[in-house]
Amino acid sequence: MSILVFAEHDNSTLKTETLKTVAAAQAIGGDITLLVAGFNCQSVIDAAVKINGIGKVLVADNPVYEHQLAENICLLVSELASDYEHIMATALSTGKNFMPRVAALLDVAQISDIIGVESSDTFIRPIYAGNAIATVQSLDSKKVITVRATGFDAVATDGNAEIVTLDFVTDAGISSHVSDQLTESERPDLGAASVIISGGRGMQNGDNFKLLEGIADKLGAAIGASRAAVDAGFVPNDMQVGQTGKIVAPDLYIAVGISGAIQHLAGMKDSKVIVAINKDEDAPIFQVADYGLVADLFDVLPEFEAALS
Amino acid sequence: MKILVTIKRVIDFNVKVRVKPDNSNVDLANVKMAINPFCEIAVEEAVRLKEKGIASEVVVVSIGDKACQEQLRTALALGADRAIQVDTEEVLEPLSIAKLLTKVIKEEQPSLILMGKQAIDEDNNQTGQMLAALNGFAQGTFASKLEIEDGNVNITREIDGGLQTLKLTLPAIITTDLRLNEPRYASLPNIMKAKRKPLAVQAAADLGVDLSARTKLLKVTAPAERQAGIVVETVDELVQKLRNEAKVIS
Amino acid sequence: MKKMLKWCLFQTYSYGGYKMEREFMEFDVVIVGAGPAGLSASIKLMQQAKANQQDLNVCVIDKGSEVGAHILSGAIIEPTALNELFPDWQERNAPLNTPVTEDEVYLFTSETRAIKMPNFVVPKTMHNQGNYIASLGNFCRWLAVQAEDMGVEIFPGFSASEIIYDADGCVKGVITGDMGVSETGEQKDSYMPGMELRAKYTLFAEGCRGSLGKELQQKFNLAKDTDAQHYGLGIKELWDVAPENHQEGLVVHGSGWPLVKGSSGGFFLYHTENNQVVVGLIVDLNYSNPYMSPFDEFQRLKHHPTIAKVLQGGKRVSYGARAITKGGLNALPKLTFAGGMIIGCNAGTLNFAKIKGSHTAMKSGMLAAESVFAALNDDSHVEGEELVDFDGRFKSSWLYDELYRSRSFGPALHKFGLMVGGAFNFIDQNIFSGKLPFTIRDNHADHEQLKLASDCQPISYPKPDGVLSFDKLSSVFISNTNHEEDQLCHLKLKDKSIPIDVNLAKFDEPAQRYCPAGVYEVVETDGQPQLQINGQNCLHCKTCDIKDPMQNITWVVPEGAGGPNYPNM
């Protein structure tokens, strides 16, 4: 079985989620080839060859791929597809954008956002915003798959793959890049952050949210809040995490002074790791927290900030 | 310029999903259905383009059984001009939907096709892109802003880490994201007018498309319930566990 | 069917000193509320119109996002009214799929003990042969389809927020709620002003303690000759249960524990189709202990072995709550006024002896439709003139007969308690068929019954176990309740100081406990207690409007389409 994995990157850094997609490929089993398509992306190629478990890195380094235009990338991938049974990409901006085009060009179905592999043709994926989990079998001979990175653990980076430079270029010529506006704030966007620290009613007032800032800085985290904190006027409602606020799934979610009502859980239950800090040991949040600390947050927060360096 | 908007009938976003006891699928019996929120945003955007004088006609299409006429009427009440229901009892995959829509596109010849980025039931996020590929069209997915200019469309889209603006030649397919617009409320007079706007029904079987399924749904389960983890005694213990055990901080 | 609808842009209309420019639409009849009363009225109107070969423009609006979204009832439906409305209801596939096969009545004597009452001591009115267990929500959805097929315009997602009166004080229709107004009262980008729905006659079928119904009763003094109205709070859950615990068609009723001393009510457990059961508790809102929490009483009720044995191994699917009008005939106000009527539970047509209100609501709607239709076709009748012939129709109907015979049932229980009141009811109903020559009355308003907190014992409710019993917020979660967040709070306090200065001081602010959705919380801000109103959780049950001891809370209709989205309830 041979598998082609598309590397997600921004021409300077290889996204670590790609390592998790390779893990998914390994779960399927077979020879894995990585594709790096971009422009002036040598640092990405250098990182790519180190990925454990891949045989080759195909490189398509050309201006037409600089901005990962879907119309161009999909032609490249579908051109290469004849050599592979599985074509996989990470379910991030680029992968989500172009992969269905590949599936359509190959006249096969796509299986989006898989979080588990049962066999080479059967996969597990979330539906209804993760409120149900579907087990789906592909009946096509070629499988086009996008991988939700949180479902897999990254492979190691101590490999040494061979580089193969591709000599053809695919330019659909129907789209062009105008500009990028990347967010430059110190804090990541709540919806996209991989670490979030949220305050609840236990924070007692809006000023006390400052206690979360030092920790957020050290962890590169976004700051969120429970609906109770928003309703009480502590913080504005664009910080609200929950059923009627933002739905988040970071690697780490730290809930400070939050009781854990189901409406809040609905917004963060898919976090990889949940930490709860609350002085009420009966607070429902402890039923879902991987690590719970029953203590007064006003004692804990300064200590926590100091311990992180 | 004619705009084609595709809409899907899905479970209302307020309804809590329940898996059937036999794990065959989600229980949709008597649950409230509605127009997919992203599709509704697409309808709103098309209507705004018409109000600006850029579009001359907004045609809305849905693929499904007779029940989806309710959502088509909602779209008409929001301002679409006419509706097409491609009638089928089967639940179709994105590839089949894209093939059927290709037939509709060949018939209607729209300059712009607006679609929701994904449906909140299957969460596939594929149909728009597939449709673009089958027709050789440019695509702008996850649009948060769009502007028509001299036969092209400039679209600003949401990507990891920020926004990206692309210029696409028409015809193009745009899939909408949440921040593109906030749909209007349908007013009572418009709801009543919508009942008299044209709604054509076409059988999917008559369109000459291979609709065979390429995937098989083996089972649907409720997500694993999170279990309580461990209680730590001190902050130091917490930090140590997060660093060495969970490996979520450095 | 050709519709002659007029609407006009920017018609200037004067109301209460404001000059509102609103679009309007005109109908023959506007009906507020797509429940059994409202829909039956609309259907009966169209049936008469068809028989008379005339067109009629009838419009039904409902504040729920779809018909049935806000409908909550046990329910056991007696098909009497349905048989009259649609003799062919079975061919039309009305969703009455579960005939009652067996009745059981229990008295719970303690947390673990129960006495099963032999059938012969149970009042006749509680025997359910010939009746059906059904979801009233699904039944209303079916009624709505029948109504629309007959040409009724049904508009879910639109609230009726104001009544239109002409210069003589005659009701001329309603104004739908403005949409897209922010929580500070400003017009958002999405602002859409409400419309006038003008009608020759307007029927108000909002259910128990309808907000406009309350206004009408006050304005027209409709309740001046009647006893105080009485209410119960019904809290209900729908459960999937294990097949071995399921007996389709079984109806179980009971009372006793946990409602003892100073509170009354009863529970129900019906085995419906698809291996599901509905279970609920009705707590009379004339209870006296301010520490009582109907929600928690219901949650602990489910742990009683008689109920737990059915729910064990099952899964809770849905939750909801709604107040019930149970004062019966003694508390029934005058239903007619210039320009319209109140019908159904909005007036109080529920037959408490049968604990059923669906068939009586339907019949009240049908009778109202007869009066309205006759008036519309009577040339000597001035448009909007009060439908005085309704009284005659009502008094000669089986609806009146039922309400008359059951008039003492509720008051007897209130006055004499469960045992003696129950015995009285047995004699009254089974031996005298409700025709005893005297009437037991209860003229004490429910909200006046609370004793001071200092004179009462707090009740220590067990914590929910997450298997049979649950907390409020996770219950509200599965009612699929949602309100547009950025809107004015729809729970209005006449006097902002009363919750803390009076209610908290005297009654420990019982709103924290009687609300089954956790809307009201007393929180401490900078050391001072404050009432926090979480309007978004509101289930539209109306209990706060009923039970606030100072009658300080006015439930006002929120933006249309908000509130619960009950499935199969």
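This is a predicted model: local features need pLDDT of at least 70, side-chain atom pairs count only at pLDDT 80 or more; totals for chains, interfaces and linings use all residues.

Q: In which hand does helix 3 of chain B pass helix 4 of chain B?
A: The crossing is right-handed.

Q: Which residues make the contact of helix 3 of chain B with helix 4 of chain B?
A: On helix 3 of chain B they include B:Leu95, B:Ala98, B:Leu101 and B:Ile105. On helix 4 of chain B, B:Met130, B:Leu131 and B:Leu134 are among them. By class, this contact has 9 nonpolar, 3 polar and 1 charged residues.

Q: What makes helix 1 of chain C roughly parallel to helix 3 of chain C?
A: Helix 1 (36–51) of chain C packs with helix 3 (residues 136–149) of chain C at an angle of about 20 degrees, the axes being 10 Å apart. Angles under 35 degrees count as roughly parallel, and therefore helix 1 of chain C is described that way relative to helix 3 of chain C. The crossing of helix 1 of chain C with helix 3 of chain C is left-handed.

Q: How many charged residues does the contact of helix 1 of chain C with helix 3 of chain C have?
A: There are no charged residues in it, but 8 nonpolar and 3 polar ones. Among them are C:Leu39 and C:Ile43 of helix 1 of chain C, and C:Leu143 and C:Ala147 of helix 3 of chain C.

Q: What makes strand 11 of chain A and strand 11 of chain B edge strands?
A: The sheet is an open one of 10 strands with mixed pairing, in the order 11(A)-9(B)-8(B)-7(B)-10(B)-6(B)-1(B)-4(B)-5(B)-11(B). Strand 11 (175–182) of chain A and strand 11 (199–203) of chain B each pair on one side only. On average, neighbouring strands of this sheet are turned by 30 degrees against each other, direction ignored.

Q: How do you know that strand 4 of chain B and strand 5 of chain B pair?
A: Pairing asks for at least two bridges between the strands. Strand 4 (residues 57–64) and strand 5 (residues 82–87) of chain B have 6 bridges, in the parallel sense. B:Val61 has B:Ile84 in strand 5 of chain B as its bridge partner.

Q: What makes strand 16 of chain A and strand 13 of chain B a pair?
A: Again the requirement is at least two bridges. Strand 16 (residues 291–294) of chain A and strand 13 of chain B pair in the parallel sense over 3 bridges. The bridge partner of A:Leu293 in strand 13 of chain B is B:Val232.

Q: How many residues of chain B are in contact with chain A?
A: The contact involves 57 residues of chain B and 66 residues of chain A. Strand 9 of chain B gives the most to the side of chain B that touches chain A, with 8 residues. That side divides into 30 nonpolar, 15 polar and 12 charged residues.

Q: How many residues do chain C and chain B give to their contact?
A: Chain C gives 26 residues and chain B gives 17. On the side of chain C that touches chain B, strand 13 of chain C gives the most, with 3 residues. By class, this side of chain C has 13 nonpolar, 9 polar and 4 charged residues.

Q: What is the omega of the cis peptide bond that joins B:Leu170 and B:Pro171?
A: Omega there is about 0 degrees. B:Pro171 lies in the loop between strand 9 and strand 10 (172–176) of chain B. Another cis peptide bond joins C:Gly74 and C:Ala75, with omega about -5 degrees.

Q: Where is C:Gln53 placed?
A: C:Gln53 is in the loop between helix 1 and strand 3 of chain C. Its phi is positive, about 50 degrees, although C:Gln53 is not a glycine.

Conventions: Residues are numbered from 1 along each chain as its sequence is written. Chains are lettered from A and ligands numbered from 1 in the order in which they are written. Helices (H or I, at least four residues) and strands (E, at least two) are DSSP runs, numbered from the N terminus. Axes are lines fitted to C-alpha atoms, for helices over the stretch in contact, and angles run from 0 to 180 degrees between N-to-C directions. A crossing is left-handed if the near helix is turned anticlockwise from the far one by less than a right angle, and right-handed if clockwise. Two residues are in contact if their C-beta atoms, placed from the backbone, lie within 7 Å. Ala, Val, Leu, Ile, Met, Phe, Trp, Tyr, Cys and Pro count as nonpolar, Asp, Glu, Lys and Arg as charged, and the others, Gly among them, as polar. Angles under 35 degrees count as roughly parallel, over 145 as roughly antiparallel, 65 to 115 as roughly perpendicular and the rest as oblique.
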